[in-house]
Amino acid sequence: MDGRKAGTLLLLLSCLQSGATASGPACGKQRVLTRVVGGTNAVMGEWPWQVSLQLSGEHICGGSLISSDWVLSAAHCFEGNASTDDVSLWRAVLGRLKLSGGNLPGLERKVLHVIIHEKYTNYQEGYDIALVRLAQPVAFGRNVTPICLPHAGHRFAFGAPCWASGWGRVQEEVLLPQNRPLQKVELDLLSADTCNCIYANNRQKKLARPARLGMICAGYQKGGKGLCQGDSGGPLVCEEDGTWFQAGIISFSAGCARDNSPNLLTEATAYADWIQHHTGGEAAFAKQMGPPQKSSEEGKCSGCGMMKGPPEGPWPWYVSLHFEGKHVCGGALVAERWVLTAAHCFIGRQTPEAWKVLLGAVQEGAGQRWSEERGVARLGLHATYIRVEEGGDLALVALDRAVAFGERVRAVCLPYGTHRFQLGAPCWARGRARARLLKRSPIQGISLTLTGPVACNCSYQNVSILPDMLCTVPPKKSTSCEDDDGGPLVCQEKGTWFLAGVSSFGDGCTSRRRPAVYTAVSSYEDWIQDVTREGYFMEQPLPIPESRDADRCPKVEGNSITSWISIWQRPLRSPLSLLIGG
């Protein structure tokens, strides 16, 4: 257990089961009536399923007793230890608080064999689960009791507090003192999506989506409490109506109790069938006695792409770029001091001191007021930009002062180069619907249909729509709005908003014949990273959708174009002049 931040990626080394009574399962029962919330030292009988797996007398990993013969742990605990070849040096220690000193109580058992999941390769790829068969069964008592395992259909309440225990390090590079007993810590149970949202705040690609299928997490966005080396393999347990169930197996995290680094665990429900199969049905599975508690992870992650309210807005990432006091272009906040917009906005206007950036829109009738204002420190246009129809229409704007994120001001998530947006799905641009009445409608989000470059090319006979472009058309003929050069095209995926494109040219708000064209942000990951490492990139949530462009020109308002012209057969340069906003 750890209470300090640190730096490097560390490995954190359909019935009641047999013995159940009419009042409930025999597993998952504590022999302690009180527990000190927030305490660190466990007491005897508090976690009677806790196991220490030791190699040559040294504690290596934790584990949990799941029957009289079986211990559940993590596969990575046995890497490089020749455990599957020769298990004679391994011991399982049960019913013990301290691992050293005189006259230690509890039980010790030799290990008969170890079963590692057949798909396990390394802990970051998942399948980090192992079963340890004891050479002799153990007798259950006050200090030795199995934990209840959940069936595959068990539903834990994400956002609820659960508990972990272990003899791991108390800080990175600081071992648990020999006179200290088993440690415990209360942690929030987190879904994989919430966990990945939190990790995205690290802004490191290798940590972009650590929670994969079959994983859950435990911890907090703000560190201070968590798990560390030596806790690996131990259980995370959650209480339900007086019975404790194991929700996960401790696997790894980025350091120990660091900010934005919850602990990752192997999800117990995902491997229920595997455990049943390899233990021959001996493991202590128990039914969920009552209705599952409601999950509530609201506020557990404060990250990019989070927005309260409808997609019409106001959007916390939207900015208004003013040149010499007048709105010229929109843009998207992608970090505390960076805005992404279109390069063409700055042609003939490349004096940073003449620009102002307005943030934190608040709707007031048909108009808006802005919560914050920043100056521009410098402008960075993409080096390949010449004209909008030739691509590269991106620019990064560095603010003169960083902003603080809150409900009104927040970055949108940037997509990595592998991100595949769902073509044909609704995404959102920003504009003002053209009302038929004299009353002016408010600026807001407008739903548009996303199309790829192949289908989009059918609408542009004199302009080549390049592979690094996206297009949109209004879903209805009656949809119309004002354009917003440099403004964001955003798509929501599993509750998170991603910046799919930056408005370049065309008119997707008014005409289905002439779609709006956006610079595809995912095509410029390397360029953005070269300019700044501060951008809030986030991995695409799973499952990744199919995203295939149409291979023929679509029917447009009753007219069918039967021949398809490849984008590679179009001229690379168009004689058209610079198009701004269609």
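**A tour of the cores and ring pairs**

Begin by selecting Phe-78 and Trp-90, both of which are buried (under 20% relative accessible area with a 1.4 Å probe, protein chains only; exposed is over 50%, partly exposed in between). The model is predicted, so local features need pLDDT of at least 70 and side-chain atom pairs pLDDT 80 or more, while totals for chains, interfaces and linings use all residues. Residues are numbered from 1 along each chain as its sequence is written, and side-chain values use heavy atoms, leaving out hydrogens and water.

Next, show the aromatic pairs, of which there are 15, counting rings of Phe, Tyr and Trp (its six-membered ring) with centres within 6.5 Å, called stacked if the planes are under 30 degrees apart, edge-to-face if over 60 and tilted otherwise. Select Trp-47 and Trp-244, whose ring centres are 5.3 Å apart with planes at 85 degrees, so this pair is edge-to-face. Trp-47 sits in the loop between strands E1 (10–11) and E2 (50–55) and Trp-244 in strand E13 (residues 243–253), so the pair ties together parts 197 residues apart in sequence; strands (E) are DSSP runs of at least two residues, numbered from the N terminus. Trp-47 is buried at 5% relative accessibility, and Trp-244 is buried at 2%.

Finally, colour the largest nonpolar core, which has 139 residues (buried Ala, Val, Leu, Ile, Met, Phe, Trp, Tyr and Cys joined through side-chain atoms within 4.5 Å). Strand E27 (residues 496–505) gives the most to this core, with 6 residues. Another core, of 19 residues, lies apart from it and includes Cys-148 and Leu-265.

Notes: Helices (H or I, at least four residues) and strands (E, at least two) are DSSP runs, numbered from the N terminus.
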